[in-house]
Amino acid sequence: MMSTWFSMVYAQEDRALWLQYLVNAFCDGLRLLKVSKVNVSSLDSYEMEIEKSLANEIIEPLCRDIETDLRLHVHSAHLKGSVNVNPTKTGLRDLSWYLQLKPLRISSKYIYIKSRVENYLNAAFYNHAAMAPHDWKTYSEMRHLAEQKYGLELDDIHLPGQKLEQGVDLLEIMHNIHIFVASHTYNINTQVFIEKVSNAPNRKNLITVGVKHVANSIRTHGIGIISTTVNFAYHFLAQKFVGFSQFLLDDHIQSCLVKEYRFWKGNKGNPNGYPYERAETVKKDIRKVALGDGGLTSLEHFRHLISEMGNALGLVRMVRSGGLNYSSSTCGFVYDMKSRVSFEDASRELNLQEAVIEAGKILDKSLDNQYMSLEKTNYFKILTNVFSQELQSNENAHLREFFLLVPALTINAAEAMLEGKDKILKRSRDAVNAIFTDDGFVLGVAYILKVLGQETQFDSLHWFTSATQHFKKKIFHLEGDTEAGQTRGGLSGLNLWNQKNLTVSNEETQNLKTDVRQLQKYLAELELIQFGFVCARTFLY
């Protein structure tokens, strides 16, 4: 009888107000049983039957219908055509009437229908999101819709911060840093390391390492791994500076740099900057040095060395960003660290137990360590100062002309990048050398200039301005020749006897257009190197 009456009330939502009267009517039987002095177990059994009927016929169907309604509304917005919600055909039920009821009293307890529905939806949304983390956004939208449509106050879906694929472990990278920086390229804007195609000849995918992967590793191994990574980077840079010094000690390299140094001294105030032609000459002179492994010139080997140093610095920067990412996720509900409130002092003021005060002391110490390691430690400054004094001493005087080698290195880097980008769409054997980013080079150059104290001297070259003007002039002259060639071709087309000259003119015009496009690509690549260089110098200050 109870189930029949409750199901009748739920079938028509306008009878929702009857519910309390029905419950009171069935509870009258409890009073009669008490007057009859029935044992307690019988009273509890009767009360449980009322509650069970109410749950089976009212609360559970209400929970399912509200969840179905929310799911259909969200899916109809995202899966248009697959799910259609048409109230004129399916009818419209206002289930909010049951949620507006006051708590129902059953003898010794109260049943609050709204609270029961909220608990059901909280559990359902969390369980579904935990089983399918990629659908968390859908359940978040359902939660917001439930709040707006039914006035339900649901909890946020607090799933633990994690990834289905942890990626490369920072500990593994740290122990093999020399292999990692040589087999990956760094993107300074997105802070991502991308595996070189040559390192994965038999695979169809490339491994990428980003800030999220580093944050996962810090969550696994603890925040102390940041200092350890910086220490490994320091030892790696120390080894690379040895090779860097040996390259500049070469007699042929020294003779080229001394000649350029004399030119720079004599033209120090020249507003036109360091001529592009001289940088091209230096590049060709150094190319005469014996080839190294893999058929690379000594200048290319030197550029790769600088890129590897820059990649190591990029790893340090990414580790710090990963630490900040980890800190923000773990301390999202902690007070502002800058306010420096002490949990230990607050516990003493509230006269809490000694165990709570000790816990507050441990928490203060942990937060202080995290604040010191992430906010106040400038790892770039440490790695700069540790080498500056030694490398700027008289014992390393052969390093003082390095800034004059940067223009030639820049030209070589631009040529290599253009060649690497052209190979991306090719499927030949040369495609293994395809790359599209190598910001480790600009970061390495900026760092070395900072360590050697040659930033002001390099700025006096006005190198990027000079190179940009050089290419713009060449493009302007070639575009003028192209227009003239098109005009000559049109006039000679009027003479049948000059058909041969017309053909030659058209071929020359096409060649000129090809040269213009190639110069424009070269100019764009130089500008990208300049922008990356400016960004890198900003990080180092």
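## Strand β3 and its side chains

In strand β3 (residues 184-187), His 184 and Tyr 186 point one way while Thr 185 and Asn 187 point the other way, and all are buried (under 20% relative accessible area, with a 1.4 Å probe and protein chains only). Strands here are DSSP runs of E with at least two residues, and helices are runs of H or I with at least four, numbered from the N terminus.

The model is predicted: local features need pLDDT of at least 70 and side-chain atom pairs count only at pLDDT 80 or more, whereas totals for chains, interfaces and linings use all residues. Residues are numbered from 1 along each chain as its sequence is written, and side-chain values use heavy atoms, leaving out hydrogens and water.

## The sheet

β3 pairs with strand β4 (residues 192-195) in the antiparallel sense over four bridges; pairing requires at least two DSSP bridges between two strands. His 184 stands opposite Glu 195 in β4, and Tyr 186 has Phe 193 as its bridge partner. Four residues lie between the strands of this hairpin, in which Gln 191 takes a positive phi near 55°.

The open sheet has three strands in the order β3-β4-β5, with antiparallel pairing. Its edge strands are β3 and β5 (208-209), each pairing on one side only.

## Helices α12 and α13

The axes of α12 (residues 251-266) and α13 (residues 276-287) come within 10 Å and cross at roughly 165°; axes are lines fitted to C-alpha atoms over the stretch in contact, and angles run from 0 to 180 degrees between N-to-C directions. The helices are therefore roughly antiparallel (over 145 degrees).

Terms used:
Angles under 35 degrees count as roughly parallel, over 145 as roughly antiparallel, 65 to 115 as roughly perpendicular and the rest as oblique. Buried means under 20% relative accessible area, exposed over 50%, partly exposed in between (1.4 Å probe, protein chains only).
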